[in-house]
Amino acid sequence: MDVVNIHNMPQKTGWIEVICGCMYSGKTEELIRRLRRAQIAKQNVIIFKPKIDNRYSSNQIVSHSEQSLPSIVVDSPLEILALVKDAQVIGIDEAQFFSKEIIEVCEQLADQGKRVLVAGLDQDYRGRPFEPIPQLLAIAEYITKTLAICVVCGNPADRTQRTTEQHELVVVGARGVYEARCRKCFVPPSEE
Ligand code: ADP
Ligand code: ZN
């Protein structure tokens, strides 16, 4: 059931793992958990996140539960190719904020024999597929969908409810702007 673990890791090849779900579902926690285990196994790990996400510290990925790991901020996915050098394991957080080139970059890294772990939102605030995550799901060997807890009813939650009347696709992490909701409690935003 668990995706990749120490007992069934592919040998002599790279691959892609995607961790997706709504906000507060534990994507960053799960990414950090896997990356820490790779570090414990003495693998060379490097972590990236897009520039747009400056909610917390700019040189770390940070979960809502305040776990963190050092990371490098990049503007364009293509910068990642030049920075990975001999890293064996590549972590990428908030991948929904990268341009579509991230798909080709992940593919190239996996083709080079690297383990690529990508975390990101699979739905936007309207409940629609959030590119480029759906395309990454299609090319990944391993997929994990994390669920949060619906703040209204306590059911497993897969949607991100925006609690303000803003209509831009990206309104980054200001406190209180988003909450996790289940299918039943999610209210799609009104069309302008
Ligand atoms: P994501 O990266 O998916 O936004 P994080 O890994 O940053 O999620 O944070 C997950 C943590 O958020 C949980 O372990 C929990 O401590 C906290 N949390 C806050 N609200 C919720 C919620 N509604 N459902 C689940 N976890 C929540
Ligand atoms: Zn609910």
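**Ground rules.** I number residues from 1 along each chain as its sequence is written, and chains are lettered from A and ligands numbered from 1 in the order in which they are written. Because the model is predicted, local features need pLDDT of at least 70 and side-chain atom pairs count only at pLDDT 80 or more, while totals for chains, interfaces and linings use all residues; side-chain values use heavy atoms, with hydrogens and water left out.

**The sheet.** I looked up the strand order first. Strands and helices here are DSSP runs numbered from the N terminus, a helix being H or I with at least four residues and a strand being E with at least two. Two strands pair if DSSP finds at least two bridges between them. I found 6 strands in an open sheet, ordered E5-E2-E6-E7-E1-E8, with parallel pairing. E5 (72-74) and E8 (142-146) are the edge strands, each pairing on one side only. From one strand to the next the twist averages 20°; angles run from 0 to 180 degrees between N-to-C directions, with axes as lines fitted to C-alpha atoms, for helices over the stretch in contact.

I then checked E1 (residues 15-21) against E7 (residues 115-121): they pair in the parallel sense over 7 bridges. Isoleucine 16 has valine 116 in E7 as its bridge partner. Helix H1 (residues 27-40) packs on the sheet and touches E1, E2 (45-50), E6 (89-92), E7 and E8, its direction making about 165° with that of E7. Contact here means heavy atoms within 4.5 Å.

**Strand E2.** Is E2 buried or exposed? 6 of its 6 residues are buried, so E2 is largely enclosed by the rest of the structure. (Buried is under 20% relative accessible area, exposed over 50%, partly exposed in between, with a 1.4 Å probe and protein chains only.) Val45, Ile47 and Lys49 cover one side, and Ile46, Phe48 and Pro50 the other. On the E6 flank I counted 4 bridges, running parallel, with valine 45 opposite valine 89. Towards E5 there are 3 bridges, also parallel, and lysine 49 has valine 73 as its partner.

**The cores.** A nonpolar core is a set of buried Ala, Val, Leu, Ile, Met, Phe, Trp, Tyr and Cys residues joined through side-chain atoms within 4.5 Å. The largest one has 24 residues, and Ile80, Ile90, Ile92, Val116 and Val118 have the most contacts inside it. Helix H3 (101-111) is among the elements that each supply at least two residues, and its share, 6 residues, is the largest. I followed isoleucine 92: leaving aside neighbours within four places in sequence, its contacts include Leu31, Phe48, Phe98 and Ile102. Another core, of 12 residues, lies apart, with Val45, Ile47, Ile61 and Val89 among them.

**Salt bridges.** How many salt bridges does the structure hold? I got 9, counting a side-chain nitrogen of Lys or Arg within 4 Å of a carboxyl oxygen of Asp or Glu. Lysine 145 meets aspartate 122, with the closest N and O atoms 2.9 Å apart. That pair links distant parts of the chain, 23 residues apart: lysine 145 is in E8, and aspartate 122 is in the loop between E7 and H4. Lysine 145 is partly exposed at 43%, whereas aspartate 122 is buried at 9%. Arginine 181 and glutamate 179 also pair, at 2.7 Å from N to O. Last entry: Glu17, Glu30, Arg33, Arg34 and Arg115 are joined into one network by salt bridges that share partners.
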